[in-house]
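This briefing covers the contacts made by aromatic rings. The sequence and structure come first, then the notes.

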Amino acid sequence: MVSKALVRLVSAVNRRRMKLLLGIALLAYVAFYSFLLNRSIQENGELKIESKIEEIVEPLREKIRDLEKSFTQKYPPVKFLSEKDRKRILITGGAGFVGSHLTDKLMMDGHEVTVVDNFFTGRKRNVEHWIGHENFELINHDVVEPLYIEVDQIYHLASPASPPNYMYNPIKTLKTNTIGTLNMLGLAKRVGARLLLASTSEVYGDPEVHPQSEDYWGHVNPIGPRACYDEGKRVAETMCYAYMKQEGVEVRVARIFNTFGPRMHMNDGRVVSNFILQALQGEPLTVACSSRLSLTRLPFFSSDLVNGLVALMNSNVSSPVNLGNPEEHTILEFAQLIKNLVGSGSEIQFLSEAQDDPQKRKPDIKKAKLMLGWEPVVPLEEGLNKAIHYFRKELEYQANNQYIPKPKPARIKKGRTRHN
Ligand SMILES: NC(=O)c1ccc[n+]([C@@H]2O[C@H](COP(=O)([O-])OP(=O)(O)OC[C@H]3O[C@@H](n4cnc5c(N)ncnc54)[C@H](O)[C@@H]3O)[C@@H](O)[C@H]2O)c1
């Protein structure tokens with residue numbers, strides 16, 4: 001009896017245990033299954049999100065790859081100069097028309113070039129192709145403030161050059177040419193550098209002798225609208241020779257006649273840019289009445305000027321030297337030539353003349369020929385075609401309201417002026 005009851009009790013207990021075990025197993029199964037289900041839903045979701053992200057990111061990656069490729073510097077070829085021949089050269093006004101071409105020449109010759117410019121009439125675009133190069137530095141600085149750097153040569157070009165630009169703020173033009181030149185001569189004295197001043201044919205004013213050789217003293221109206229520039233440059237020359245005599249600074253003075261070429265200002269206001277722009281835009285070519293039939297000196301091409309400046313800097317000629325084109329044509333012939341090269345049907349119109357505009361100027365370049373072996377060599381038509389191409393492009397950028405720069409990593413150093 002007792003044993004039967006015992007067996008029943010044991011089997012009842014086992015059944016309950018079995019049920020319990022079964023219950024636990026079921027629960028575990030459900031939990032495991034739902035865990036697996038959740039995970040696969042999650043994984044699926046994640047996969048979907050990932051593929052969505054990939055879809056968006058891939059084109060961006062491709063763009064970055066393209067940008068990286070275009071950021072790979074492609075500088076114009078630069079010579080390698082030994083330590084002995086390589087010079088540290090400062091170009092003030094190096095982001096302007098002439099200065100930027102001079103920068104190109106000196107960089108390609110293998111020198112270390114520092115451009116200092118306040119971007120009054122110059123622009124970074126003119127030297128953008130050098131930004132980031134190990135031999136190149138661009139400093140945003142006004143030469144009216146002192147500058148302290150170590151250099152071997154200084155090409156002092158900083159000054160607005162065309163009448164609308166230098167007449168815009170005559171006092172600033174005077175300060176740039178006087179205080180600015182004093183600062184650069186002070187720097188030249190401190191570091192023992194040679195300084196070349198970019199002077200101008202305007203020091204001859206409205207000349208009474210033709211052609212003008214370097215020993216002509218000029219005929220300048222000291223209170224006229226052009227005086228800020230003409231007299232500013234005359235006193236800059238005086239300063240150069242005072243520093244040479246008193247302080248032993250080596251100076252070179254280039255008296256530059258009208259120059260033209262790519263990177264000239266659109267609003268330069270002088271005959272080449274005026275005629276080209278007018279012809280390209282189908283507007284009448286405007287000529288000052290007095291110059292209708294008068295002989296005019298022809299401008300010369302920027303690369304000729306740059307070669308002349310470098311030759312003068314490296315010569316032993318410390319007195320002023322004319323750099324210009326002695327060829328003569330009437331202004332009408334010149335206007336006609338530009339019309340033909342542009343292929344324009346513009347008419348030629350006569351206007352009243354500007355105050356103090358020199359009637360006639362012609363450089364005597366015997367000294368440059370003899371002492372530097374220099375004379376302009378670029379044929380007029382070849383130079384004009386290059387300038388026309390440049391202005392045509394500029395007008396296109398204007399019309400499309402867009403300029404697409406060559407991509408280069410910017411590394412522009414902000415000017416740091418130390419005052420002692
Ligand atoms: N282009 C010519 O036909 C011509 C003729 C005679 C003389 N020059 C002389 O050659 C030099 C260069 O002329 P350009 O035609 O290239 O003119 P530009 O106006 O294109 O260049 C002058 C440069 O000097 C910079 N500048 C002006 N004031 C400055 C200042 N205070 N501090 C620092 N930078 C300053 C301008 O931003 C510009 O980049 C000038 O000194 C000019 O007088 C030029």
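Two rings of Phe, Tyr or Trp (its six-membered ring) count as a pair if their centres lie within 6.5 Å; planes under 30 degrees apart are called stacked, over 60 edge-to-face, and the rest tilted. By this criterion, the whole structure holds nine aromatic pairs.

This is a predicted model, in which local features need pLDDT of at least 70 and side-chain atom pairs pLDDT 80 or more, while totals for chains, interfaces and linings use all residues. Residues are numbered from 1 along each chain as its sequence is written, and side-chain values use heavy atoms, without hydrogens and water.

**Tyr 75 and Trp 130**
- Tyr 75 and Trp 130 are stacked, at 6.5 Å centre to centre with 5 degrees between the planes.
- This pair joins distant parts of the chain, 55 residues apart: Tyr 75 is in the loop between α1 (2-71) and β1 (88-92), and Trp 130 in the loop between β2 (112-117) and β3 (136-140).
- Helices (H or I, at least four residues) and strands (E, at least two) are DSSP runs numbered from the N terminus.
- Tyr 75 is partly exposed at 22% relative accessible area, whereas Trp 130 is buried at 0%.
- Buried means under 20%, exposed over 50%, and partly exposed in between (1.4 Å probe, protein chains only).

**Tyr 204 and Phe 257**
- Tyr 204 and Phe 257 form a tilted pair, with 6.2 Å between centres and 35 degrees between planes.
- Tyr 204 lies in the loop between β5 (194-200) and α5 (227-247), and Phe 257 in the loop between β6 (251-256) and β7 (259-260), 53 residues apart.
- Both Tyr 204 and Phe 257 are buried.
- Tyr 204, Tyr 216 and Phe 257 make up one aromatic cluster.
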